[in-house]
Amino acid sequence: DTGYIYIPVPLPHEIKVEKADFVMQEVVKKLRKTALVASADYQGLATIDNSSLSYQIVVTCNPIDRLQARRNCLHSIIETLEENKITIPHAQLDLH
């Protein structure tokens, strides 16, 4: 069992790549200070979806702490996005 956690972070298409990279670096800085996290790295753009661009973060931790570490990371990611006035996009349904 590994202590790697891969976390996709969806950002809106409207955000410029330079801003997205800056915000993701801010996310990584915060994650490195997050409880139970041993290391955090930004891996770049992972996927392009209809409603978002998904950027990848990889975090390492003690395998036994993985679930709580993931919850801590998600909380830190949301905080960082809120601080940068970014809302997480959601899938949109077009009705005709």
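The model is predicted, and local features need pLDDT of at least 70, side-chain atom pairs count only at pLDDT 80 or more, and totals for chains, interfaces and linings use all residues. Residues are numbered from 1 along each chain as its sequence is written, and side-chain values use heavy atoms, with hydrogens and water left out. The chain has 2 helices and 3 strands, in the order β-α-β-β-α from the N terminus. Helices (H or I, at least four residues) and strands (E, at least two) are DSSP runs, numbered from the N terminus.

**Overall form**

- The C-alpha trace spans about 50 × 25 × 20 Å along its principal axes.
- Of the contacts between residues at least 6 apart in sequence, 70% join residues at least 24 apart. Contact means heavy atoms within 4.5 Å.

**Burial and surface**

- Buried residues account for 40% of the 96 residues. Buried means under 20% relative accessible area, exposed over 50%, and partly exposed in between (1.4 Å probe, protein chains only).
- The chain exposes about 6,300 Å², of which carbon and sulfur atoms supply 53%. Accessible areas come from the Shrake-Rupley method with a 1.4 Å probe; for residues, only the protein chains shown count as cover.
- There are 10 positive and 12 negative charges, and their mean positions are 5 Å apart. Lys and Arg count as positive and Asp and Glu as negative, while His and the chain ends are not counted. Each charge is placed at NZ of Lys, CZ of Arg, CG of Asp or CD of Glu.

**A buried methionine**

- Methionine 24 is in helix α1 (residues 17–32) and counts as buried, because its relative accessibility is 0%.
- Leaving aside residues up to four places away in sequence, methionine 24 touches Val9, Leu11, Tyr42, Tyr55 and Ile57.
- Methionine 24 and tyrosine 42 are 18 residues apart along the chain, and their C-alpha atoms are separated by 6.8 Å.

**Salt bridges**

- The structure holds 4 salt bridges, each a side-chain nitrogen of Lys or Arg within 4 Å of a carboxyl oxygen of Asp or Glu.
- Lysine 30 pairs with glutamate 79 at 3.3 Å, N to O. Lysine 30 lies in helix α1 and glutamate 79 in helix α2, so this pair ties together parts that are 49 residues apart in sequence.
- Lysine 30 also forms a salt bridge with glutamate 83, with the closest N and O atoms 2.8 Å apart. Glutamate 83 lies in helix α2 as well, so this pair joins parts that are 53 residues apart in sequence.
- Lysine 30 is partly exposed at 22%, glutamate 79 is partly exposed at 31%, and glutamate 83 is exposed at 52%.
- Arginine 32 and aspartate 41 meet in a salt bridge at 3.2 Å, N to O.
- Salt bridges with shared partners join Lys30, Glu79 and Glu83 into one network.

**Positive phi angles**

- Most residues other than glycine have a negative phi.
- Leucine 36, not a glycine, has a positive phi of about 75°. Leucine 36 sits in the loop between α1 and β2 (39–48) and is partly exposed at 37%.
- Lysine 85, also not a glycine, has a positive phi of about 55°. Lysine 85 is in the segment after α2 (66–83) and is exposed at 75%.
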